[in-house]
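Biologist: Could you walk me through reading some features of a structure?
Modeller: Gladly; let's look together.

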Amino acid sequence: MTNTTGGTRRLVVDPREPDLAVIDTAARVIAAGGLVAFPTETVYGLGADALSTAAVGRIFVAKARPTTDPLIVHVASAAEVSTVAAVVPDVAYALAERFWPGPLTLILPRRETVPAMVTAGTGTVAIRVPAHPVAQALLKAAARPIAAPSANRFSRPSPTTAAHVLADLDGLIDLVLDAGPTDIGVESTIVDLTGAVPVVRRAGGVPVEAIAEVLSALQVETARVTTPDSAQVAPGQLLRHYAPQAALTVFDGSRESVVARIGREVRTCAARGELVGVLAPDEVLVTLAPAVAAMASAGRVLVETLGPWAEPAAAARVLFAAIRRLDEAGVSAMLATGPTRAGLGAAVWDRLRRAAEGRVVQL
Ligand code: TXA
Ligand code: MG
């Protein structure tokens with residue numbers, strides 16, 4: 001066990017075979033109404049007893065999150081869904097069968113036992129069965145549902161390591177279980193099952209293509225601009241999300257046009273003596289290399305790879321950490337483009353777009 005400078009306890013735990021004594025310690029913190037950050041296969045979550053209004057209230061305070069933004073309730077298995085959902089339609093079981101435990105969240109009608117604080121008074125509840133062995137062990141040991149948003153300060157990139165959690169929340173939470181970097185790197189896919197037709201509210205760890213294979217009908221909602229206090233049909237669609245300190249601009253179009261434009265932007269920034277960050281797939285970075293090389297040797301360009309263009313899962317895994325690294329380096333601007341939109345690419349482009357707060361340049 002270590003105590004961090006801010007006072008939050010950090011306990012290292014094996015990601016595959018978590019030490020049950022450590023898990024038990026964390027479960028007791030949850031049972032006592034405390035806050036525990038823990039790894040899931042997507043990102044680290046900030047957990048509290050989902051059935052305690054007081055405990056859940058602490059999550060909103062620690063994250064500085066508006067209380068209009070509801071939380072995901074995590075349970076150990078699909079069998080427990082009926083303890084927090086009032087109605088569980090057949091389609092929920094079909095999706096659960098195929099994707100749980102895993103990076104899928106289902107929105108269902110809320111049961112009265114779930115505090116209104118968790119659901120932001122919506123009458124619906126978001127539910128997820130995570131696959132990560134540490135999350136599973138914690139849910140079993142705590143023997144109650146755990147409400148957990150991503151363990152970052154509101155509107156910061158989601159944390160994929162315990163260090164990211166502590167960078168945002170040290171001293172504001174009781175404990176972080178450190179099981180190393182998370183596997184998927186972007187949050188769960190959210191599917192709303194409360195309407196006539198299932199709707200994807202957030203692209204995430206389960207590709208939308210895979211969900212469509214299970215369902216006869218499926219709608220996909222795209223991010224719209226809303227403000228934290230506006231009435232939220234889909235709270236997860238807040239556009240100001242994952243926002244880095246430096247302005248991030250996303251470039252979308254043919255590879256040639258994107259490379260040419262980012263190259264121009266890099267030269268302009270470098271000419272002004274600014275430190276600029278570039279975030280892009282390998283193929284884009286390779287083509288950009290000549291333009292960047294001279295500036296990079298002067299230390300004015302920092303490059304973060306999103307992996308091969310055709311492997312969006314690789315981009316998902318490193319995206320948030322890369323944005324945080326560029327922020328820490330103090331870049332004045334970030335120039336980004338994404339991988340293919342297939343598979344996890346949809347989630348990666350969605351997060352880039354939100355990080356850009358709408359600064360998307362269509363080429
Ligand atoms: O992978 C994940 O989903 C992670 C891990 C920790 O499970 N959690 C996560 O939670 O990303 P959070 O709070 O950062 O994002 C959950 C999103 C929020 O944008 C919230 O507005 C939306 O889900 N949400 C939660 N309950 C909802 C509800 N009843 N109706 C509509 N949207 C809801
Ligand atoms: Mg979040």
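**Helix contacts and local geometry**

Modeller: In H10, Pro312, Ala315, Ala316, Leu319, Phe320 and Ile323 meet Gly345, Val348, Arg351, Leu352 and Ala355 of H11. Contact means heavy atoms within 4.5 Å, and helices (H or I, at least four residues) and strands (E, at least two) are DSSP runs numbered from the N terminus. This contact comprises 9 nonpolar, 1 polar and 1 charged residues; Ala, Val, Leu, Ile, Met, Phe, Trp, Tyr, Cys and Pro count as nonpolar, Asp, Glu, Lys and Arg as charged, and the others, Gly among them, as polar.

Biologist: What should I know about the model itself?

Modeller: It is predicted: local features need pLDDT of at least 70, side-chain atom pairs count only at pLDDT 80 or more, and totals for chains, interfaces and linings use all residues. Residues are numbered from 1 along each chain as its sequence is written, chains are lettered from A and ligands numbered from 1 in the order written, and side-chain values use heavy atoms, without hydrogens and water.

Biologist: At what angle do the axes of H10 and H11 cross?

Modeller: Axes are lines fitted to C-alpha atoms, for helices over the stretch in contact, and angles run from 0 to 180 degrees between N-to-C directions. Helix H10 (residues 312–329) and helix H11 (residues 345–355) cross at roughly 25 degrees, their axes coming within 8 Å. H10 and H11 are therefore roughly parallel (under 35 degrees; over 145 is roughly antiparallel, 65 to 115 roughly perpendicular and the rest oblique).

Biologist: And how do H1 and H5 pack?

Modeller: Helix H1 (residues 20–31) and helix H5 (residues 133–142) pack at about 55 degrees, with axes 9 Å apart. That angle makes H1 oblique to H5. Their contact has 9 nonpolar, no polar and no charged residues.

Biologist: Which peptide bond is cis?

Modeller: Most residues other than glycine have a negative phi, and most peptide bonds are trans. Here a cis bond joins tryptophan 100 and proline 101, with omega about -5 degrees. Proline 101 sits in the loop between helix H3 (90–99) and strand S6 (104–109).

Biologist: Where is alanine 64?

Modeller: Alanine 64 is in the loop between helix H2 (53–63) and strand S5 (72–74), and has a positive phi of about 55 degrees although it is not a glycine.
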